[in-house]
Number of protein chains: 2
Amino acid sequence: MRETELIKSIQKIARTIPRNERLLEGIGDDCCIVRPNADEDLVFTTDFVIENRHFTLATHSPADIGYKALARSLSDLAAMGAEPVFCLVSLALPEGLASRWVASFYRGLGTLARRFRISLAGGDLAKAERVTADVMCCGQVPSGKALRRSTARPGDLIYVTGDLGGSALGLRHKRGAAWLRHKRPEPRVDAGILLRSIASAAMDLSDGISLDLLRLSTASQVRAVIDAPLPLARGATEEDGLHGGEDYELLFTARPDIEVPAMLGDVHIARIGLIERGKPAVSYKGRQLPPQGFDHFL
Amino acid sequence: MRETELIKSIQKIARTIPRNERLLEGIGDDCCIVRPNADEDLVFTTDFVIENRHFTLATHSPADIGYKALARSLSDLAAMGAEPVFCLVSLALPEGLASRWVASFYRGLGTLARRFRISLAGGDLAKAERVTADVMCCGQVPSGKALRRSTARPGDLIYVTGDLGGSALGLRHKRGAAWLRHKRPEPRVDAGILLRSIASAAMDLSDGISLDLLRLSTASQVRAVIDAPLPLARGATEEDGLHGGEDYELLFTARPDIEVPAMLGDVHIARIGLIERGKPAVSYKGRQLPPQGFDHFL
């Protein structure tokens, strides 16, 4: 199949996603064109999904891979409290994969894109030895309102959305709801938008709370104390909850005088700890918690 | 080396590049944050460079690869007449490559980034079997002024910047100026900005003019006639000039009453043909030119 034909089939899928009004020009030129709103900031993130690192062709359908590639980046938008605008999808794949594989990848991605109204605005295609996707997402927030991980202060309380460890459990057992959750994580976009007026700091949980909370505490130059039970996914162990990656829940802090609701949209919220003055570290059950989450280069 | 350490060394290089005033927050959070200008559009592009497809570790230094990864995307900004704002760099690499390799990659990229004042605002790092970089670039243009490939009209004249075939020649002989040009192509950013008030349509020459001019003619629904000698790089053959990829010159059209200067900044301009009414095709020496440029999926 020629590149031109492939691009046409991708354009067809892109047209099934409602076009964001900011996007003036999508797939087809050297760049896509966006007309930003004067009173909004734009946020940008990019994430790889790579064969044999983030998935295998034996366990993940092309639609699962397309879904997950977009979900990872959408989760970063959620962490900033941003509303999705558009994405660019770079896909490299081995010669042997048929055009049906590619179409199925984009359909999986399109399913999620339609739900969150994020336009597919462009990307790149190339051959490679292993399937490699890199998805860049752009989101918008009212000027100055983007949530950050560096703004937690002593006295703030620590919260998480949803439950933890489900993805690690799913990866281990490869069945049931946990496996589905691992393959099709739910980016907390709507919760992120609601958190703009609640959270003092936020980030997403992609590499396990032991590592990610240490990152938040380092960025904010504060100490984090987990003093309440973690909300574990059904069947997940304490280890799964502390160190398991890819839950894509939101980790956030709020000033102690802020009333944090028990639910944000359809996701429940749990208070798990508090922020203290001190050197960046995470304390759990009275001891310093070593970061054992997923480090791409350990 | 831990991911955290790697990110620190990349942040250090990012700080050697002047920060674009639009960029509020760079590397370090879930997303970078950009505050756009009310009277400007933003354009976005992304391009892969992949080991054994776009380079080999035997022939390209890590600094060459970093340079080229950014140059490819900058060339797309040039094609839109855009001024560079920021880039996101996704880099996947095998375990065996040392931190020195990574630092050298980012230094090569940084050299070009400083010249064109494009901030390194974030990205992703992952392990992979082959070195894979995906660089997303954002540029800005005054509202409504982005150059497109779909706006050429019958009667327009066709031009190219610089000379053609040098990159193909360099790839074949692997020595001299042509080889340097292949490894370190010069994105025509300044020429692109000047073309905003001159060109009726534009794109960059990444896959060979036989294929790229057909793309412009298809996007604009017109016929393109090459009726003048192509400006060939010294030593390049007609084949190199017609079908050789990766020259990263600009291909553009202008209304016949527009005076196109012989030079745009330091790059010379050659008129090579004209646009006619008709079915999308490229005519060369009185015959229809079959597209033989680089198709990633042929």
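**Domains of chain A**

I began with the domains and found that the C-alpha centres of domain 1 of chain A and domain 2 of chain A lie 26 Å apart. Domain 1 of chain A covers 3–142 and domain 2 covers 157–288; such bounds come from an automatic or database domain assignment. Their contact takes 18 residues from domain 1 of chain A and 18 residues from domain 2 of chain A, two residues being in contact if their C-beta atoms, placed from the backbone, lie within 7 Å.

On the domain 1 side, I noted that α2 (62–79) and β4 (83–93) of chain A are the elements giving two or more residues. Helices (H or I, at least four residues) and strands (E, at least two) are DSSP runs, numbered from the N terminus. α2(A) gives the most to that side, with ten residues. By class, the domain 1 side has ten nonpolar, four polar and four charged residues. Here Ala, Val, Leu, Ile, Met, Phe, Trp, Tyr, Cys and Pro count as nonpolar, Asp, Glu, Lys and Arg as charged, and the others, Gly among them, as polar.

A reminder to myself: this is a predicted model, where local features need pLDDT of at least 70 and side-chain atom pairs count only at pLDDT 80 or more, while totals for chains, interfaces and linings use all residues. Residues are numbered from 1 along each chain as its sequence is written, and chains are lettered from A and ligands numbered from 1 in the order in which they are written.

**Two helices in chain A**

Next I looked at α1 (residues 3–14) and α3 (residues 99–115) of chain A, whose axes come within 10 Å and cross at roughly 25 degrees. The axes are lines fitted to C-alpha atoms over the stretch in contact, with angles from 0 to 180 degrees between N-to-C directions. That angle makes α1(A) roughly parallel to α3(A), a label for angles under 35 degrees.

Which residues of α1(A) meet α3(A)? I found A:Leu6, A:Ser9, A:Ile10 and A:Ile13, and among their partners are A:Tyr106 and A:Arg107.

**Chain A against chain B**

Last, I turned to the chains: their contact takes 56 residues from chain B and 56 residues from chain A. On the chain B side, β3(B) gives the largest share, nine residues. That side divides into 28 nonpolar, ten polar and 18 charged residues.

I also saw three bridges joining β3 (residues 40–50) of chain A to β2(B), and these strands run antiparallel; strands pair if DSSP finds at least two bridges between them. A:Phe44 stands opposite B:Cys32 in β2(B).

Terms used: Parallel < 35°, antiparallel > 145°, perpendicular 65-115°, else oblique.
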